[in-house]
Amino acid sequence: MHKKFIPITIVLAILLGLTIAGYVAPDEKQKLPVRILFKNSGGKVIFTHIKHHRDYEIPCEKCHHERDDGSKEPLPCGSCHPQTFDRDYVRDHINSFPDNSYCVKCHHAELGKLNFDHDAHEEYADEDCQACHHTADIEKEPQKCGNCHTSAGTPEVPSVRNAAHDRCVDCHDDMFKDGLKGCNPCHKMHDMNNYKGDHTPCAQCHQDEGKDLVLNRLDAFHDQCMDCHKKLKRGPYKDDDCDKCHLK
Ligand code: HEC
Ligand code: HEC
Ligand code: HEC
Ligand code: HEC
Ligand code: HEC
Ligand code: HEC
Ligand code: HEC
Ligand code: HEC
Ligand code: HEC
Ligand code: HEC
């Protein structure tokens, strides 16, 4: 054999070997839990995991709904649906996910460039700068609102969001009446698949803070377990069925 073919032959032999080994060696299958015991204040629940999949023929992604591509390990429900969304959650959840593609599931929007034609608005306001800017006692010269108004705001100085919106709404109440659908004329949104910056707290945009945007743990389990039972009319789901899942 010509000398220069020897390294190539060796590489090919190794690759062939690896290919065969790949076929012969068993798939590194993830261990499926047989049963799962949930301990909670309503009484322990034994969930027959394998039976649900094998005997009742329910595909994994019916329950593990983050498995879009079918390959990633399912995450524990509690990493996304905790008991409460408190400061511990904010601290811990950032490290709960295998990679950053998960962030987008919840952090789905960030403000992009402001769409605002300043020159045109000087005209619309009849050259009255104070339609938006302060008088000289606060603002010696008109400038960017963000120079004084911070994202969080203080009791004395409102957040930049509230300050700006408060001025714009005078002439654009129609945009704000549309709720979250009305942000677009002024705010371009980032393409979140390529977003690199910090994530904005949900409440910056979702101003109704009482609203649970992601289900808490109890509701996540009850909804998933019982919605399916109800739909199929099999398994416990009726109001007096609590004991069929919760052991005393
Ligand atoms: C009927 C719903 C359901 C089906 C179907 C199902 N699972 Fe699960 N699975 C669960 C629940 C609920 C848990 C518990 C998660 C928790 O405790 O946060 C779980 C837990 C797991 C865990 C353990 C995760 C951990 O971190 O502890 C793995 C692994 C898993 N499932 C894989 C699978 C695979 C693979 C399939 C398909 C072959 C599947 N499951 C089908 C509901 C289901
Ligand atoms: C990677 C994060 C993540 C994981 C892990 C996760 N969820 Fe969710 N879940 C979400 C998000 C985000 C929503 C959507 C919120 C919305 O649209 O209301 C959601 C919605 C739900 C809903 C509402 C109905 C639906 O399907 O849209 C149920 C029920 C639910 N999850 C149960 C579960 C259960 C049970 C598990 C574990 C087997 C689980 N989730 C694991 C993030 C997650
Ligand atoms: C309709 C509301 C409105 C009116 C009327 C208005 N401004 Fe502004 N102005 C703004 C906003 C909002 C910003 C901040 C824009 C930003 O952050 O990109 C701004 C920013 C500025 C800035 C800072 C620009 C920079 O890039 O640093 C100057 C200077 C300014 N305005 C001058 C004026 C003057 C002078 C008038 C009157 C002739 C006027 N503005 C009228 C809303 C207005
Ligand atoms: C030089 C600092 C400074 C700049 C620049 C500034 N603000 Fe303010 N703003 C303040 C302070 C201080 C207060 C609180 C004092 C008060 O309530 O009068 C305030 C209060 C406000 C308020 C609530 C009280 C009111 O006047 O209605 C609004 C709304 C507001 N600012 C809008 C804006 C907008 C819109 C811009 C940009 C176009 C802007 N501010 C730029 C310092 C500033
Ligand atoms: C004095 C009244 C007035 C104020 C205050 C005002 N606007 Fe306007 N704005 C107008 C008028 C008039 C138009 C042009 C007619 C129209 O399209 O409604 C306009 C148009 C716009 C448009 C284009 C509308 C579209 O559908 O594309 C945007 C974006 C906009 N304004 C943003 C702002 C922002 C941001 C503020 C607050 C900083 C603001 N405006 C405050 C009067 C005002
Ligand atoms: C009429 C135009 C207009 C509309 C409609 C509007 N905004 Fe704004 N928004 C502004 C302006 C102007 C600012 C101030 C930007 C600056 O000076 O940096 C602002 C600021 C904000 C900020 C603060 C950003 C920061 O840096 O802290 C948030 C959050 C925000 N808007 C969310 C929204 C959401 C969510 C909607 C839809 C419900 C919305 N806005 C609708 C004009 C608008
Ligand atoms: C299941 C939904 C969900 C997923 C997935 C998720 N987050 Fe969050 N995140 C939240 C909620 C809810 C909060 C706290 C409430 C809020 O921001 O208003 C939060 C808060 C944060 C904050 C703090 C924001 C602030 O300034 O208060 C950061 C930073 C953050 N998340 C980063 C991430 C990163 C990075 C990922 C991906 C690795 C991720 N998150 C995945 C729901 C989620
Ligand atoms: C930059 C602004 C912004 C931030 C930050 C933001 N959202 Fe949203 N969100 C929106 C807008 C805008 C819509 C409406 C989209 C539409 O209907 O076109 C929306 C819609 C939603 C919806 C659909 C139901 C509804 O209320 O209309 C959910 C669920 C949601 N967001 C969850 C979250 C969660 C969880 C976070 C924080 C982890 C978050 N959002 C952060 C702007 C934001
Ligand atoms: C996608 C559909 C689906 C989901 C989600 C689901 N189940 Fe079931 N479950 C079934 C079916 C089908 C049966 C079979 C009932 C029968 O044999 O008639 C069943 C039966 C049961 C039974 C009685 C028999 C047994 O297997 O022990 C219990 C208890 C039960 N499920 C608990 C749960 C719990 C807890 C959850 C949530 C963690 C859950 N199930 C989620 C479909 C589902
Ligand atoms: C299909 C099975 C099923 C049925 C039926 C069911 N649960 Fe649950 N329940 C669960 C699961 C799974 C959990 C979540 C366990 C966890 O968070 O670890 C849970 C959690 C709870 C919790 C604990 C909340 C906490 O924060 O600790 C309470 C309370 C509860 N259920 C009450 C009820 C009541 C009342 C009923 C009857 C109306 C009922 N459940 C019916 C499966 C069920």
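Me: Which side chain has an N or O atom 2.7 Å from a nitrogen atom of ligand 5?
Reply: In this predicted model, that side chain belongs to histidine 121.

Me: And which residue has a polar side-chain atom 2.8 Å from a nitrogen atom of ligand 5?
Reply: That is histidine 172.

Me: Which elements give two or more residues to the shell around ligand 5?
Reply: They are α7, covering residues 118–124, and α8, covering residues 160–177.

Me: Which element gives the most?
Reply: Helix α8 does, contributing five residues to the shell around ligand 5.

Me: Which residues surround ligand 5, then?
Reply: The shell consists of Asn115, Phe116, His121, Tyr124, Arg167, Cys168, Cys171, His172, Met175, Pro185 and Cys186.

Me: How do they divide into nonpolar, polar and charged?
Reply: Seven residues of the shell around ligand 5 are nonpolar, three are polar and one is charged.

Me: Moving to ligand 1: which residues coordinate the iron atom?
Reply: His49 and His64 coordinate the iron atom of ligand 1, each through NE2, at 2.0 to 2.1 Å.

Me: Why is the arrangement around that iron atom octahedral?
Reply: There are six donor atoms around the iron atom of ligand 1, and the angles they subtend run from 87 to 179°, which makes the arrangement octahedral.

Me: Is histidine 49 buried or exposed?
Reply: Histidine 49 is buried, because its relative accessible area is 15%, which is under 20%.

Me: What about histidine 64; what is its relative accessible area?
Reply: The value for histidine 64 is 21%, so this residue is partly exposed.

Me: Which residues is histidine 107 in contact with, leaving aside neighbours within four places in sequence?
Reply: Histidine 107 is in contact with His93, Met192, His199 and Thr200.

Me: How many helices and strands are there in the protein chain?
Reply: The protein chain has eleven helices and four strands.

Me: And what share of the residues is buried?
Reply: Of the 248 residues in the protein chain, 15% are buried.

Me: What about contacts between residues 24 or more positions apart?
Reply: Such pairs account for 51% of the contacts in the protein chain with a separation of 6 or more.

Notes
Residues numbered from 1 in each chain as written. Chains lettered and ligands numbered in written order. Predicted model: local features only at pLDDT ≥ 70, side-chain atom pairs only at ≥ 80, totals over all residues. Heavy atoms only, no water. Near = heavy atom within 4 Å. Polar contact = N/O pair within 3.5 Å; in protein donor to acceptor, adjacent residues only side chain to side chain. Nonpolar A, V, L, I, M, F, W, Y, C, P; charged D, E, K, R; others polar. Donors = N, O, S within 2.8 Å, 3.2 Å for Na, K, Ca; no water. Tetrahedral: all angles 85-135°; square planar, octahedral: opposite > 155°, others 65-115°. Buried < 20%, exposed > 50% of the residue type's maximum accessible area, 1.4 Å probe, protein only. Contact = heavy atoms within 4.5 Å.
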